[in-house]
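Subject: Handover of a structure and notes on it

Dear colleague,

Please find below the structure that I am handing over to you. My notes on it follow, arranged by topic.

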Amino acid sequence: MDLGLSKDEIALQARARAFSRDVARPRAGQIDRDEQYPWDIVQALAKAGFLGMTMPKALGGQGRSFLEAVLVIEEMAKSCTVTGRIVVETNMGALSTVMAYGSEAQKKLVARLVLAGDKPAICITEPEAGSDAMAMTTRADKRGDTYVINGKKHWITGAGVSRLHLIFARVFDEKGEELGIGGFLAVRDENQGLRATRREQTMGLRGMPEGELTFENLEVPASMTVMPPSGFRRGFADLMNAYNSQRVGAGTVAMGVAAGALELALEFAKTREQFGRPIGEFQGLQWMLADMQTQLTASRLMLHQAARSRGPQGSAFPDPMLAAQAKIFASETAIRIVNDALQVFGARGYSRELPLERMARDVRMFTIGGGTAQVLRTLVAAKMLGWKLPQRRDGYAPKRSLRDAAE
Ligand code: FAD
């Protein structure tokens with residue numbers, strides 16, 4: 001299919017496909033069974049130049065676009081979901097936030113760590129603040145030139161393996177007045193008081209640790225505050241804008257897993273025989289395969305469109321509407337496609353000897369992490385209607401300043 005890619009983009013895609021086939025695929029099953037973060041894959045990705053690709057050349061990156069990152073992520077996820085996610089988190093997410101809003105010193109710090117193989121963690125979710133992120137209670141109190149952070153986050157991707165953390169917390173000035181929600185950069189083992197205190201037992205993506213983080217008097221220099229020009233009051237909304245790249249990345253991992261499962265199902269449908277004929281000759285399966293391909297093509301086009309787009313007012317990030325729609329559609333159809341691919345394999349699909357059951361477990365998370373499919377639908381509907389759609393019974397968030405930040 002001609003996706004309107006340049007020669008350079010096609011070459012990058014081919015390089016990622018070869019890496020995926022030769023390096024990631026042979027390791028994928030073992031990573032799932034061991035439930036260990038694959039440092040060997042990280043090193044190989046770094047060596048092949050797939051980490052920090054979207055950073056400017058001046059910082060050691062390649063100045064690549066989100067679309068180019070998406071091309072690489074799809075290829076990696078076809079073979080190994082964990083590898084796909086590593087490429088997302090080392091090219092989008094916290095990295096893009098710092099590249100857009102960080103100081104020169106912060107950008108250099110991120111570049112140094114990511115190029116050496118670190119996968120930065122984004123720390124937003126708390127036990128009582130999931131979809132309602134504004135309900136977070138982690139706080140950062142200003143003490144001279146330092147912020148002192150206390151609180152707990154959970155379901156943080158990379159907890160215990162990531163070094164760099166972008167931590168979101170409610171900010172209080174020295175008089176105890178609340179200013180809004182801000183982002184703070186802390187490095188595990190360098191800033192005392194940041195500990196991984198629990199690992200989640202996950203259904204899929206078992207090589208990528210998800211866990212709880214506890215901050216106990218974690219001291220972060222004020223110079224490590226990631227501050228959009230809008231300041232703390234609207235800063236959270238701007239910082240969350242960076243999540244639109246992460247959403248496109250996450251949707252692409254789901255789509256890549258689906259593409260990988262479909263490739264396997266297609267091959268099997270041509271070779272497995274029943275009733276004296278390849279099962280692909282049965283119309284019942286042909287229509288399943290055609291539906292899978294149709295959904296996959298639509299997902300890919302939506303993700304590419306979102307990756308190429310830019311939000312309003314010169315945003316460095318994908319358009320929020322396009323990113324949300326692409327993530328909803330890609331994550332939901334990927335679950336269906338992988339499930340149907342498993343069905344094509346009959347009993348073999350249900351076996352742990354083939355990758356289909358792992359793919360089905362891995363792909364399940366993408367309608368949840370990074371904004372659930374329900375919450376993203378609310379975002380899309382609000383933009384369509386041109387209305388604010390408060391989800392709280394009393395109309396809005398507790399404080400006027402935070403209420404503004406969410407809009
Ligand atoms: P809840 O918010 O409690 O929602 C429960 C259900 O209610 C969901 O179905 C939800 O869609 C629905 N719901 C809630 N509010 C509404 C509403 N207003 N309208 C309609 N339906 C609603 N967080 C981070 O900060 N950093 C990470 O790196 C990170 N990685 C993750 C990785 C994985 C694998 C997973 C599963 C989660 C990760 N998360 C991370 C957390 C993720 O962002 C949250 O799980 C998500 O925001 C939902 O929060 P919750 O799980 O508390 O669900």
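In which strand is Trp 155 found? Trp 155 belongs to strand β3, which covers residues 146–157. Please bear in mind throughout that this is a predicted model.

Trp 155 has a phi near 55°, a positive value in a residue other than glycine. Most residues other than glycine have a negative phi. Is Trp 155 buried or partly exposed? Trp 155 counts as partly exposed because 19 C-beta neighbours lie inside 10 Å, and a residue is counted as buried if 20 or more other C-beta atoms lie within that distance.

Asp 189 is likewise not a glycine and has a positive phi, of about 80°. Asp 189 is placed in the loop between β5 (178–187) and β6 (194–199). With 7 other C-beta atoms within 10 Å, Asp 189 is exposed.

The strands

Strand β2 comprises residues 139–143 and pairs with β3 in the antiparallel sense, over 5 bridges. Across this pairing, Arg 139 stands opposite Asn 150 in β3. The hairpin of β2 and β3 has 2 residues between the strands, and Gly 144 takes a positive phi near 65° in this hairpin.

β2 also pairs with strand β4 (residues 164–172), here in the parallel sense and over 3 bridges. Arg 139 has a bridge partner in β4 as well, namely Arg 170.

β4 in turn pairs with β5 in the antiparallel sense, over 9 bridges. Phe 168 has Gly 183 as its bridge partner in β5. In the hairpin formed by β4 and β5, 5 residues lie between the strands, and Gly 176 takes a positive phi near 90°.

β5 pairs with strand β8 (residues 225–226) too, in the antiparallel sense and over 2 bridges. In that pairing, Gly 183 stands opposite Val 226 of β8. Of the 10 residues of β5, 7 are buried, so this strand is largely enclosed by the rest of the structure.

The domains and their contact

How is the chain divided into domains? Domain 1 spans 7–115, domain 2 spans 121–238 and domain 3 spans 240–406. The C-alpha centres of domain 1 and domain 3 are 20 Å apart. To the contact between these two, domain 1 contributes 23 residues and domain 3 contributes 24 residues.

On the side of domain 1 that touches domain 3, at least two residues come from each of α1 (7–34), α3, α4 (81–89) and α5 (93–101). The helix that gives the most to this side is α3, with 11 residues. By class, this side of domain 1 has 11 nonpolar, 7 polar and 5 charged residues.

Two of the helices

Helix α3 (residues 66–79) packs with helix α9 (residues 283–308) at an angle of about 145°, and the axes of the two are 8 Å apart. From α3, the contact is made by Phe 66, Leu 67 and Val 70, and from α9 by Leu 303, His 304, Ala 307 and Arg 308. The residues of this contact of α3 with α9 divide by class into 5 nonpolar, 1 polar and 1 charged.

As for α4, how many of its residues are buried? The count is 9 of the 9 residues, so α4 is largely enclosed by the rest of the structure. The buried residues of α4 include the charged residues Arg 85 and Glu 89, and also Thr 81, Val 82, Thr 83, Gly 84, Ile 86, Val 87 and Val 88.

The ligand

Which residues are the closest to the ligand? The closest are Ile 124, Gly 130, Ser 131, Gly 369 and Thr 372, among the 19 residues that surround the ligand. At least three residues of this shell are drawn from each of domain 2 (121–238) and domain 3 (240–406). β1 (121–123), β3 and α12 (373–385) each supply at least two residues of the shell. By class, the shell around the ligand has 8 nonpolar, 10 polar and 1 charged residues.

With kind regards

Note on methods:
Residues numbered from 1 in each chain as written. Predicted model: local features only at pLDDT ≥ 70, side-chain atom pairs only at ≥ 80, totals over all residues. Axes fitted to C-alpha atoms, helices over the stretch in contact; angles between N-to-C directions. Helix = DSSP H or I, 4+ residues; strand = E, 2+ residues; numbered from the N terminus. Contact = placed C-beta atoms within 7 Å. Domains from an automatic or database assignment. Buried ≥ 20, exposed ≤ 12 C-beta atoms within 10 Å, placed from the backbone. Near = placed C-beta within 6 Å. Pairing = 2+ DSSP bridges.
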